[in-house]
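Here's a protein model to explore. Let's pick one spot and take a close look at it.

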Amino acid sequence: MPQIHGILRGKYEYEPDLGASRFEVRNARLSAESSLPLRSSYKLEVDLCDESTIKMKDAWVRVNPWSTLRITLGQQRMPFSIDAHRNPSAQYFANRSFIAKQVGDMRDVGAAVGYDFVNNNNRKVLSVDAGIYNGSNLDNQKTAWFTSPAYSARIQYFPVKGLAFIPSVQHQLIASREASYTSFDFGAYYEWNGLHVEAEYLRKFYAKDTFDDCNAVDVMTIYKMPMKKGFLGGISYLLRYDYMDNHSDGKKVFVEGTTRLQQSDAERHRLTAGLTFHVANKYFPTDIRLNYEKYWYPHGCTPKESEQDKLVAELMIRF
């Protein structure tokens, strides 16, 4: 039988510089997934309110010739990065990092192969995932013919329990296939007794000098303190610093007969501090998040309305 999962996230944000507030339904996701007989599985996931629009997220089928090998075909998140690969239900902060939202987030339609290496104690030591994709950025699949595919690959190495090193690479076509970029990412995290420490660095190279190379950094620390009685099951204390260079998401302009890319995001720093209150509900995990985000724009540009100092309150439930 299929397993039905969902996530609902309601948010309130207040920006002191604007003196303005807003309420938002950030995600209303539903997914169905199952492992079928004869070593196959599938996943369907749709978000009914992704920035106020309906978007299909995942639609793939998979075969497992044996337990450590997986072959996947369909629409899927490209294997890349740590934070950009997280589902909203696994995110720690109310708003995603720059790597997860602007610089490293990418889904596409294609085929991927993954393999897990386990030791004698059946503990996963190494996981390798790689795939090729249309490079169409989920545009019309009927016109997504390619002669040179997009690709992505990620390695996860777990030398000891709780420690992971994760390098990855991604190549994607943009600007109606008239430009492309290649990104390299290296991240690591350590988990121990309620503590999670994570750091990630990404560098994005745009081909044919269509845009300046982009660097992005994400460093976070989370400590979850359990509670055994009462309304709350635990409290998490969170701190994150992230940074990104000037960045283009692939919109093009023509300059002197050549394709150039428009800047979509200005260089900026951000520091986020927060508390997450975990409601004691084992059937429907519920989090109450309070975050404050402080932005710095080193070159004094006019920031977007949603990219300024803000207080964020979020209520999230998973099932």
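Q: Let's zoom in on Cys-49: is Cys-49 buried or exposed, and what is its relative accessible area? Please then walk me through the cysteines, strands and rings.

A: Cys-49 is buried, at a relative accessible area of 17%. Here, buried means under 20% relative accessible area, exposed means over 50%, and partly exposed is in between, using a 1.4 Å probe and protein chains only. Before going on: this is a predicted model, where local features need pLDDT of at least 70 and side-chain atom pairs count only at pLDDT 80 or more, while totals for chains, interfaces and linings use all residues. Residues are numbered from 1 along each chain as its sequence is written, and side-chain values use heavy atoms, leaving out hydrogens and water.

Now for the sulfurs. A disulfide is a covalent bond between the sulfur atoms of two cysteines. The working rule asks for a pair of cysteine sulfur atoms within 2.5 Å, and by that rule there are zero disulfides. Take Cys-301: the nearest cysteine sulfur belongs to Cys-214, 14 Å away, and Cys-301 is in no disulfide. Cys-301 counts as partly exposed, with 32% relative accessibility.

Next, the strands, which are DSSP runs (E, at least two residues) numbered from the N terminus. Two of them pair if DSSP finds at least two bridges between them. Strand E3 covers residues 40-50 and strand E4 covers 53-63; they pair antiparallel over nine bridges. Across that pairing, Leu-44 stands opposite Ala-59 in E4. Two residues lie between E3 and E4 in their hairpin, and Glu-51 in the turn has a positive phi of about 55 degrees. E4 is also joined to strand E5 (residues 69-77) by five bridges, again antiparallel, and a hairpin of five residues connects the two.

Follow Arg-62 and you get from strands to rings. Arg-62 stands opposite Thr-72 in E5, and its charged end sits over the ring of Trp-60, 4.2 Å from the centre. "Over" means that NZ of Lys or CZ of Arg is within 6 Å of the ring centre and within 35 degrees of the ring normal. Arg-240 does likewise with Phe-93, at 4.3 Å from the ring centre.

Rings can pair with each other too: those of Phe, Tyr and Trp (its six-membered ring) do if their centres lie within 6.5 Å, and planes under 30 degrees apart count as stacked, over 60 as edge-to-face and the rest as tilted. The structure has seven aromatic pairs. The ring centres of Tyr-295 and Tyr-297 are 6.3 Å apart with planes at 15 degrees, so this pair is stacked. Both Tyr-295 and Tyr-297 are buried.

How values were computed:
Helix = DSSP H or I, 4+ residues; strand = E, 2+ residues; numbered from the N terminus.
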